[in-house]
Each structure stands twice: as C-alpha cells, then as structure tokens.
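Visitor: I have just opened this entry and would like to learn how to read it. Could you take me through it step by step?

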Amino acid sequence: MERITIVGGGIAGLAPAAALDPNRFHVTVYEKRPELPTVGNALGMWPNAQRALARLGILDQARAVSPVLGSGSVRNAQGEPWFTVEAGEMFGISRIDLIRLLDGAVPATVLRVTDTVQSVPADGSLVVGADGVHSMVRRAGWGSATEARLTPYLALRGTLPTPVAPDEVGEYWGRGDLFGMAAARGGSFWYASYRSGLGPYGIDVPLALEQARARFAGHAPAIRRTLAAATPEECLAQRLWTVPRLRSYVTGRTVLIGDAAHGMLPTLGRGACESLVDAVTLADLLNTLPEDQALRAYNRQRRLRTRAVSVASSALGRVALADRAQPLRDRLLNLARRRNTRTAVGSGSGR
C-alpha cells in the first residue's frame with residue numbers, strides 16, 4: 001500500500017480522500033477542526049464542479065439539497081438592473097451540506113487525525129497540501145515568498161430564513177463595494193464585500209455587521225432590509241486573501257490543491273469548484289499512473305487553467321469593486337443597457 005497524507009479536511013481535502021483508490025493507497029487526513037461548520041455560505045456549482053461531484057458519487061444528493069440558481073441581475077447600488085445572467089442548471093449548495101456529503105463519501109479505510117500539523121510529515125508518504133490560503137504546506141515547500149497576501153477587502157456572508165424575491169436576486173455594484181443575494185435551502189443567502197480596516201484575524205462579527213449597515217445605508221431597499229434582518233449568529237466575517245502565482249503546484253513529493261495552490265478573490269464564485277476539480281483530477285491520475293507521471297500531469301493540467309480563473313477573478317473584482325472609476329463604469333454599463341434595450345425593441349418591431 002502506498003501512503004498519502006492529506007493536510008486539511010475541508011472541501012479540498014475530503015474530495016481526494018473520497019476519490020483515491022482504497023485498494024492501492026493508505027490515506028491519512030489531518031484536520032484541526034473535525035466538526036462541521038455552523039455558518040455556511042452558498043457555493044455555486046459550475047458544470048466542471050458538477051462533473052467532479054458526479055465522479056464522487058454525490059451529485060444527485062447535492063442537487064437534492066440545493067436550489068437551482070436560475071437567473072440573476074447585476075445592478076447598480078440603487079437596484080436598477082444593468083444585465084441579467086442566466087445560470088442554467090447551476091445550483092448553489094451550502095458549504096455545510098457540501099462538506100457533509102464529501103465527508104460521507106470518504107471510505108472507512110481512510111484514517112482521520114484531529115490535529116494541527118506544524119510541519120510537513122516526513123514519514124515517506126506523498127503529501128497533499130489542502131490546507132487553505134494560509135497553507136503551512138505551501139510555506140514549508142515553496143518558501144515564505146508564497147505567503148498569502150492580504151487584500152483591503154472584507155467578506156461578510158450570512159443566511160436568512162426568508163426567501164429572496166426573484167427580482168432582487170443578483171449582485172449590486174456600488175462605489176468600492178458589492179452586495180449579492182441568492183436563494184438557499186430554507187431561505188436565502190447574502191454576501192457583501194468592501195474595503196475595511198477590521199482584522200485581519202479574529203474579526204468581531206457584530207461590529208462587522210454594524211459597519212456593513214452603515215456602509216450600505218444609502219443602497220437599494222432590498223440590501224437595507226436584508227442587513228436589518230441579519231444576526232451575528234448567522235454571519236461569517238473574513239478578510240480576503242489571495243495566493244501569489246506559483247511556478248508549479250508540485251515540489252518533490254508534495255503537491256498543492258485548492259486554495260493552498262491558487263486562493264483567489266471570490267468574485268467569480270469559482271474557488272470551491274476549482275478545488276473539487278483539482279482533487280478529482282489528482283486522485284484519478286494517481287489511481288492510474290505512476291506517482292511521478294501523475295504529479296507532472298496534474299501540474300500540467302491544472303496550473304494554467306486555475307491561473308486563468310484567478311486572473312479573471314481579479315479583473316472582475318476591479319470592475320465590481322471600482323472606487324474612483326465607479327462613475328465611468330456606471331456610465332458605460334448604463335449605455336450598454338440602453339443600447340441593448342433599443343436593439344431588443346427594434347428586433348421585436350421588425351417581425
């Protein structure tokens with residue numbers, strides 16, 4: 001039996017543990033917090049992530065507990081729509097539900113260890129760093145220059161037991177801030193991002209919620225109503241961090257997946273999706289190829305693709321969170337909306 005040690009028991013760590021061949025590998029997963037999270041944000045499952053969930057045998061279960069996202073509009077701060085995005089069969093699953101399903105898919109042969117790993121295991125196993133944006137594995141194997149970089153933005157997320165109206169679903173882009181709302185199982189999910197001096201660690205959630213209420217006080221009624229109903233117990237507040245570009249996701253017999261490899265801004269909603277694809281890709285390659293070939297193939301298949309997603313997330317973040325450029329952005333989007341409206345009216349009258 002070949003030994004594989006996975007550092008991190010979140011989405012990125014549980015997925016490969018579930019996909020690796022238990023007849024070939026002895027797998028150990030280290031996780032410092034084995035209990036399920038109590039507050040979870042909604043994670044949009046793009047088609048590539050859905051294929052990964054199907055590979056893990058939990059796609060139908062994930063769909064059963066997740067609303068289809070349908071369509072949503074991108075709006076200005078006052079709620080006037082600029083354009084509508086059709087999500088097709090994309091669905092939004094609670095992080096809590098996703099981790100629960102992944103946890104249940106892990107074979108009983110996998111050894112679970114509740115511990116904070118202080119150094120990369122030196123027991124001769126292949127080490128998979130799935131320990132997030134502040135990865136100890138990345139820092140140990142790739143050096144201090146790869147430590148996570150703090151952005152000026154705070155992410156505040158929460159859930160409500162009341163549904164969101166269909167004509168309020170989507171994102172609202174203000175001046176240096178954004179706010180989003182989506183359907184969730186048993187209610188709705190919301191999120192906000194803006195510049196904040198809170199943190200970077202141990203953020204006081206009630207203070208962050210009060211800060212958000214003040215920040216969005218002049219925004220659309222739907223935003224003000226949502227924040228007024230929000231409670232600290234159902235909120236999660238974090239500063240946003242990113243991971244610098246890595247030349248490789250592999251060094252020796254250590255490999256990075258998920259946020260440990262490519263932590264990015266959440267503006268595209270692709271972080272969890274790419275983590276799932278990383279995990280399934282790595283596991284399937286290890287299941288079918290010699291280790292050295294599998295690691296080279298994983299690095300070749302995933303590094304450039306995730307880099308492209310990260311760049312796109314950063315670019316969209318600059319637009320959505322535009323500050324000084326916000327008036328120009330709004331003028332251009334208003335112009336595009338009027339042009340599209342005229343085109344649609346003209347097409348309809350010409351029938």
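**Reading the chain from the whole to one residue**

Guide: Let us begin with burial: in this predicted model, buried residues make up 51% of the 351 residues in the protein chain.

Visitor: How many helices and strands are there in the protein chain?

Guide: The protein chain holds 11 helices and 15 strands. Its radius of gyration is 21 Å, close to the 20 Å that the globule rule gives for 351 residues, so the chain is as compact as a globular protein of that length.

Visitor: Which residues have the most contacts inside the largest nonpolar core?

Guide: A nonpolar core is built from buried residues such as Leu and Met that are joined through side-chain atoms within 4.5 Å. Here the largest one has 61 residues, and those with the most contacts inside it are M45 and L276. Helix α9, which covers residues 271-288, gives the most to this core, with nine residues. Leaving aside neighbours within four places in sequence, L276 is in contact with several residues, among them I11, M45, A49 and L102.

Visitor: Does N48 count as buried or exposed?

Guide: The cut-off for buried is under 20% relative accessible area, and N48 counts as buried because its relative accessibility is 18%. N48 is found in helix α2, residues 47-55.

Visitor: Which side chain makes a polar contact with the side chain of N48?

Guide: The partner is E274, whose side chain makes a polar contact with that of N48 at 3.3 Å. Not counting residues up to four places away in sequence, N48 touches R270, C273, E274 and V277.

Note on methods:
Residues are numbered from 1 along each chain as its sequence is written. This is a predicted model: local features need pLDDT of at least 70, side-chain atom pairs count only at pLDDT 80 or more; totals for chains, interfaces and linings use all residues. Side-chain values use heavy atoms; hydrogens and water are left out. Helices (H or I, at least four residues) and strands (E, at least two) are DSSP runs, numbered from the N terminus. Buried means under 20% relative accessible area, exposed over 50%, partly exposed in between (1.4 Å probe, protein chains only). A polar contact is a pair of N or O atoms within 3.5 Å; within protein, one must be able to donate a hydrogen and the other to accept it, and residues adjacent in sequence count only if both atoms are side-chain atoms. Contact means heavy atoms within 4.5 Å. The radius of gyration is taken over C-alpha atoms; the globule rule is 2.2 Å times the number of residues to the power 0.38.
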